[in-house]
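Biologist: Before we start, could you walk me through this model slowly, one residue at a time?

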Amino acid sequence: MERKRTGVAAIVWRSLVNMSTKPIYLVGFFLLPLLTFVMLTSLMESGLPTKVPAGIVDHDGTPLSRDITQSLAGMQLVDLVETPTSFTEARHRVQEGKIFGFFMIPENFQADLMAGKSPEITFYTNMTYYVPGSLLFKTFKATAVYAKAGVAVKVLDNVGVSDAPTSLLQPVNIGARGIGNPWLNYGVYLSNSFIPAALQLMIMLMTCYTLGEEMKRRTSPRLLRMAGGSPYKAVFATLLPQTLTWIVIALFMQVWLFKFNHYPMNGSWWWMSLSQVMFVLASQGFALFFFTIVPNLRLSLSICALLGVLSFSLAAFSFPVESMYPALGIFSWILPTRYNFLIYIDQALNGRDIFYSRVWFVCYIIFMILPIFTVWRLRKEFAKPVYAP
C-alpha cells in the first residue's frame, strides 16, 4: 500500500489536497490576487488624478491677481478649496492635510509689474505625497508662466507692438506627444507595474510557506520518502500544482489589464503571455533559491517579504534606476518583476520587435535555474527538520 502512495503523482495529489482544504492557500492563491487586481485598477480608473485640493494666498487683490486666481481655478488638476490670508495659515492647512499646496501672490504685484520690476510669485507643494504634489507643482508653474506671458502681452500692446506679441514670446512652437501612452493615463503605467509586483510578492511568500510548513509540521521526512529520497523530485511535485495555478492567475491578470481595462497592447499577445508564464517560474525560482539557502520558515518568509516590498521602489516603477545611488540601483536588476516591467514597456507599450527584449527573457531563465544548484541542500533539512520559531 505504501508503494502506491509514492512518486510524483502521489506528491502532486497531496499538494492539491493541501491547496484545496487549507484556507490560507485559498486566500493566498485566489482571494488576495483578485482583490489586488480589482483594487489597484479601480484606484487608477480615472487615469489621472484631478481636482487636487489646493489654496491661494492673494496679497495683492488687484484685477490681475484675480485673473490669475480665476485661471488657476479653471485648471483641471486643481481644486481651490482654501483661500488663506497669510503664509502661516496656508502652511498650517498643508500640515493638517487639508490641501497639498498653495499659490502665493505678493503685495503690489500688479503695480510692480507695470513699473518694470520683477515681483516673485511663489508656490509651495507637499512632496510627501509625490503624485498630487507633482501635479500641483506642474500646474502652479504653468500658471506662473502664463501669468508672466499675459503681462508681457499687455506691456507690448501698450507700447504699440500689437501685431505679433505671441511670436515674440514663443518663437518656437513645441509639440509634445506621449509615445505609447498618449492619454497620459497613470493606470497604464502604474497598474501594469504594481500588480505584477504584488503578484510576485504573493508567489514568493506562498512558495516559502509551502516548503517551510513541511519542516514546521515535521512532514518533510514523509515527503522525502515519497520522492524516493530526491529533494528535486519532492520540490518539483509539491510546487507543480502551485505553478499551474499561478500561471492561470498571471494570464488572467494579463486579460484583466488589457481586455477588461483596455490598456494599450501594441505588441504580441503571445510574447506577453510567455513573459507572464516565465515571470511565475522566475518568481518561484527566486523564492526557492532563498529557501534553500536559508531553510527556515520565518527567515525565508522575512527575506521574501522584504525583497517583495522593496520591489515596488527598487524595480524603478516610481524612480528611475539612473537617478538612484549605485549601491541601491544595482538591486533593481536582481528582481524578477523588473524584467516583467521592461518586457511590458517593450512589447505592450512600444510594440518593439522581440529581438530587443531577448535579454530580459534570458534573465527570467537565470532566475528559473538558480535553485537547481542549491535544492540538494534540502535533503538533509527535510530528513531531519528543525523548526526555529
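Modeller: Helices are DSSP runs of H or I with at least four residues, while strands are runs of E with at least two, and both are numbered from the N terminus. This is a predicted model, in which local features need pLDDT of at least 70, side-chain atom pairs count only at pLDDT 80 or more, and totals for chains, interfaces and linings use all residues. Residues are numbered from 1 along each chain as its sequence is written, and side-chain values use heavy atoms, with hydrogens and water left out.

Biologist: Is Ser193 buried or exposed?

Modeller: Ser193 belongs to helix H8, which covers residues 186-216. Buried means under 20% relative accessible area, exposed over 50%, and partly exposed in between, using a 1.4 Å probe and protein chains only. With a relative accessible area of 1%, Ser193 is therefore buried.

Biologist: Is Phe373 buried or exposed?

Modeller: Phe373 sits in the loop between helix H15 (358-369) and helix H16 (378-383). Because its relative accessibility is 60%, Phe373 counts as exposed.

Biologist: Are the rings of Tyr339 and Trp360 stacked, tilted or edge-to-face?

Modeller: Rings of Phe, Tyr and Trp (its six-membered ring) pair if their centres lie within 6.5 Å, and planes under 30 degrees apart count as stacked, over 60 as edge-to-face and the rest as tilted. The structure holds 28 aromatic pairs. In the pair of Tyr339 and Trp360, the centres are 6.0 Å apart and the planes stand at 35 degrees, so the pair is tilted.
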